[in-house]
Amino acid sequence: MSDLQLSPQGRLRHLLTLEGLGRAHIERLLDRADELRTRFRGGARALDLLEGRTIVNLFFESSTRTRTSFELAARRLGALVVNFDIASSSTTKGETLEDTLATLEAMDSDAFVVRHKENGTPARLALHARRASVLNAGDGNHAHPTQGLLDLLTIRDHKPRIEGLTVAICGDIRHSRVARSDVHGLAAMGAKEIRLCGPAALLPEADSFPGCTLVDDLDAAIEDVDVIIMLRIQKERIDGLPGFDGAEYFQRYGLHRARLARARSDAIVMHPGPMNRGIEIASDLADGPQSVVLEQVANGIFVRMAVLLELLHKQA
Ligand code: CP
């Protein structure tokens with residue numbers, strides 16, 4: 001997929017995955033996001049770097065954070081944003097996604113932000129695009145690259161360096177695209193150890209996460225970690241959850257105050273959202289002093305601005 005998403009000069013042509021993206025490239029994107037954040041927190045309201053460009057949000061799955069922050073990011077850069085309404089579109093009459101993309105591209109769209117339940121849909125559309133860029137906003141359990149980048153930026157805000165950190169990612173790893181993109185990003189940035197924790201049925205095949213430690217005991221998984229990333233159960237990707245008991249799950253796999261004490265005292269608690277309070281995370285921790293959940297949300301705008309600039313701004 002690296003061949004598809006990078007130009008021969010090594011610039012992003014599409015953003016489909018963090019897998020294969022080098023550390024220097026990731027750092028460049030994070031630095032750019034950091035610069036943009038400084039400008040906007042210093043009083044900038046909007047830039048015109050993408051004036052005249054058109055960005056289409058194509059969300060075939062629901063979203064609060066990703067869709068809104070892509071829209072805000074594009075608008076802050078001066079681009080025109082179209083929120084394509086799938087339910088009232090001709091896809092309901094049988095038009096293929098490829099024909100939908102070609103139709104919108106013929107209207108001079110410059111980029112498509114795509115979320116879809118099927119793994120590989122953004123890559124499939126990227127192969128079909130003539131000129132426009134495709135940004136993966138989450139496909140199945142495959143990848144969510146801008147979530148991975150915003151998580152790295154948030155960790156970098158709190159830790160002197162990502163290199164050498166121990167990170168626990170806990171919950172429904174098997175069905176999580178966030179876990180995959182976080183692992184690719186953290187590994188590229190030199191994290192020392194990545195522990196993946198969840199009930200055996202929600203852990204992935206070991207060979208699908210090379211270099212990670214798989215654990216089914218949350219207390220062991222968070223012992224002395226620097227960063228804890230909690231994930232929700234992806235009910236929409238599981239065929240029913242027979243016998244699932246939220247209270248029982250919380251007892252074994254929920255993060256609460258007593259458990260958090262096992263991590264380093266300066267550990268940060270992350271969650272990509274949406275959160276299920278009282279199931280994977282106690283409400284007081286979600287809102288507590290070690291939680292950086294809303295910082296993740298805020299950073300999402302600047303990371304997406306950085307990515308859009310690399311893809312669409314000629315001088316960037
Ligand atoms: N983290 C994330 O992808 O959230 P949304 O589903 O709300 O976009």
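Reader: Let's start with β5 and β8. In what sense do they pair, and over how many bridges?

Author: β5 and β8 pair in the parallel sense, over 4 bridges. Strands pair here if DSSP finds at least two bridges between them. Strands (E, at least two residues) and helices (H or I, at least four) are DSSP runs, numbered from the N terminus.

Reader: Which residue stands opposite isoleucine 169 there? And is this an experimental model or a predicted one?

Author: Opposite isoleucine 169 is isoleucine 229 in β8. The model is predicted: local features need pLDDT of at least 70 and side-chain atom pairs count only at pLDDT 80 or more, while totals for chains, interfaces and linings use all residues. Residues are numbered from 1 along each chain as its sequence is written, and side-chain values use heavy atoms, with hydrogens and water left out.

Reader: Thanks! What sheet do those strands belong to, and in which order do the strands come?

Author: An open sheet of 5 strands, in the order β7-β6-β5-β8-β9, with parallel pairing. At the edges are β7 (213–215) and β9 (268–270), each pairing on one side only. From one strand to the next the twist averages 20 degrees. For such angles, axes are lines fitted to C-alpha atoms (for helices, over the stretch in contact), and values run from 0 to 180 degrees between N-to-C directions.

Reader: What packs on that sheet?

Author: Helix α7 (residues 177–188) does, touching β5, β6 and β8 (227–230). Contact means heavy atoms within 4.5 Å. The direction of α7 makes about 175 degrees with that of β5.

Reader: How many bridges join β5 to β6? And what about β8 to β9?

Author: Strand β5 (residues 166–170) is joined to β6 (residues 193–197) by 5 bridges, and valine 167 stands opposite isoleucine 194 in β6. Between β8 and β9 there are 3 bridges, again with the strands running parallel. There, valine 227 faces isoleucine 268 in β9.

Reader: Where do the side chains of β8 point?

Author: Val227 and Ile229 point one way, Ile228 and Met230 the other, and all are buried. Buried means under 20% relative accessible area, exposed means over 50%, and partly exposed is in between (1.4 Å probe, protein chains only). In a regular strand the side chains alternate between the two faces of the sheet.

Reader: Good to know. What about the other sheet, in which order do its strands come?

Author: That open sheet has 4 strands in the order β2-β1-β3-β4, with parallel pairing. Its edge strands are β2 (80–83) and β4 (133–139), and its twist averages 15 degrees from one strand to the next. Helix α4 (residues 97–106) packs on this sheet, touching β1 (54–59) and β3, at about 155 degrees to β3. Helix α12 lies across β1, β3 and β4, running at about 150 degrees to β4.

Reader: Switching topic: how many residues are in the largest nonpolar core?

Author: There are 61, and those with the most contacts inside it are Ile55, Leu149, Ile169, Leu186 and Leu308. A nonpolar core is a set of buried Ala, Val, Leu, Ile, Met, Phe, Trp, Tyr and Cys residues joined through side-chain atoms within 4.5 Å. Helix α12 (residues 293–312) gives the most to this core, with 10 residues. The core draws at least three residues from each of domain 1 (2–143 + 297–312) and domain 2 (145–292), with domain bounds from an automatic or database assignment.

Reader: What lies apart from it?

Author: Another core, of 23 residues, including Cys197, Leu218, Ile222 and Ile238.

Reader: Is aspartate 108 buried or exposed?

Author: Aspartate 108 is exposed, with a relative accessible area of 55%, and its place is in the loop between α4 and β3.
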